[in-house]
Amino acid sequence: MAPPRSSAPADDGRTRDRVSALLLEHGPQTATELAARLGISPAAVRRHLDSLVAAGRIEERVARDAHRGRGRPARRFHLTDAGRSAFPHAYDDLALTALRYVAAAGGPDAVRAVAEQQLAGLEARASSAVQSAVDAAGGAPVDRAQALAAALTAEGYAATASAISGGGQLCQHHCPVAHVAAEFPQLCEAETAVIGRLVGSHVQRLATIAHGDGICTTHLPGPLRPGNRTAPARPVPGERAAPHSAPTSQSSSTAPEIDRERTPA
């Protein structure tokens, strides 16, 4: 009969979650205070605190307490932003409630204005990276997309750009606002317009995560440039690969335009 597996790793994980929850509920605390609340020794709690510090979930700071008197200053543990992000949030619900109110009060155009305002900061941050690509490589749309993919990855979109026959593709493997964009497509439309302005060309959105596709895929026109591909970003677990769709005919206008086309399921 095989010996039962040790539950120590699971127990450690639960204890560290309890430490994080206590810091969230009661604020910064010392190791001694946490040990008393957990019912374990200070030495045992410090082992868990060291692991949480190494994982970036908490940090240790010297407490500036003017009433402590003599002796070593207290060292308290604080949750980091990463530690707080491990707890459930209602950001999507808040955004949906706000946009529903905006839509009821001002209609679709008001929602579109909110989406454009929200993306203005992203566009400003990405534009400097794209301008550097223009200065270095002449500004071909696919070259500009390389810099844009890196900028979007820094914003949490896990983006890649690659050359295909007849142009290129900008793929976003993650969408931070997918649940909200599923109800308000103005967010996707505003984002596609930003991509068009930044690459300086007509672009065509082929697929979006918000509408059930595995990847947000945008077609970029232009000649094939062999070997033009960014380093691949790691896709979000559980997402399927987006189907490759043949690009449609390009507009003859020189101003960037936005076409929307859904890939077949």
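**View 1. Helix 3 and the residue that follows it.** Just after helix 3, Gly 56 adopts a positive phi of about 80°. The structure shown is a predicted model. Helix 3 comprises the 13 residues 42-54, which at 1.5 Å a residue should span 18 Å; the C-alpha atoms at its ends are 18 Å apart, which agrees. Val 45, His 48, Leu 49 and Leu 52 of helix 3 are buried. These four residues cover an arc of only 105° around the axis, and therefore lie on the same side of helix 3. An α-helix has 3.6 residues a turn, so residues three or four places apart point the same way. On the face of helix 3 turned away from the buried side are the exposed residues Ala 43 and Ala 54.

View 2. The side chains of Asp 11 and Arg 14 form a salt bridge, with an N to O distance of 2.2 Å. Both residues belong to helix 1 (residues 8-26), and because they are three residues apart, about one helical turn separates them. Asp 11 is partly exposed, its relative accessible area being 32%. Arg 14 is likewise partly exposed, at 49% relative accessibility.

View 3. Arg 57 and Asp 17 form a salt bridge in which the closest N and O atoms are 3.2 Å apart. Arg 57 lies in the loop between helix 3 and strand 1 (58-62), whereas Asp 17 lies in helix 1, so the pair ties together parts that are 40 residues apart in sequence. Arg 57 is partly exposed, at 23% relative accessibility. Asp 17 is also partly exposed, with a relative accessible area of 43%.

View 4. Glu 191 and Arg 205 meet through their side chains in a salt bridge of 3.1 Å, N to O. Glu 191 is in helix 9 (residues 186-199) and Arg 205 in strand 5 (residues 203-207), so this pair ties together parts that are 14 residues apart in sequence. Glu 191 is buried, with a relative accessible area of 10%, and Arg 205 is buried at 1% relative accessibility.

**View 5. The nonpolar cores.** The largest nonpolar core contains 31 residues, of which Leu 148 and Leu 170 touch the most other members. Two or more residues of this core come from each of helix 5 (91-106), helix 6 (108-137), helix 7 (141-154), strand 3 (159-164), helix 8 (178-183) and helix 9. Leaving aside neighbours within four places in sequence, the contacts of Leu 170 include Ala 145, Leu 148, Ala 149, Leu 152, Ile 195, Cys 216 and Leu 220. A second, separate core has 13 residues, among them Val 19, Leu 22, Leu 34 and Leu 79.

**View 6. Confidence along the chain.** The protein chain has an average pLDDT of 79, and 73% of the residues score at least 70. Over residues 224-265, pLDDT stays under 50. For this segment the model has 84 contacts beyond four places in sequence. Where pLDDT is low, the predicted coordinates should not be read in detail.

Conventions:
Residues are numbered from 1 along each chain as its sequence is written. Side-chain values use heavy atoms; hydrogens and water are left out. The expected span of a helix is 1.5 Å times one less than its number of residues. Buried means under 20% relative accessible area, exposed over 50%, partly exposed in between (1.4 Å probe, protein chains only). The arc is that of the directions from the helix axis to the C-beta atoms. pLDDT is the predictor's confidence in each residue, from 0 to 100. Contact means heavy atoms within 4.5 Å. A salt bridge is a side-chain nitrogen of Lys or Arg within 4 Å of a carboxyl oxygen of Asp or Glu. A nonpolar core is a set of buried Ala, Val, Leu, Ile, Met, Phe, Trp, Tyr and Cys residues joined through side-chain atoms within 4.5 Å.
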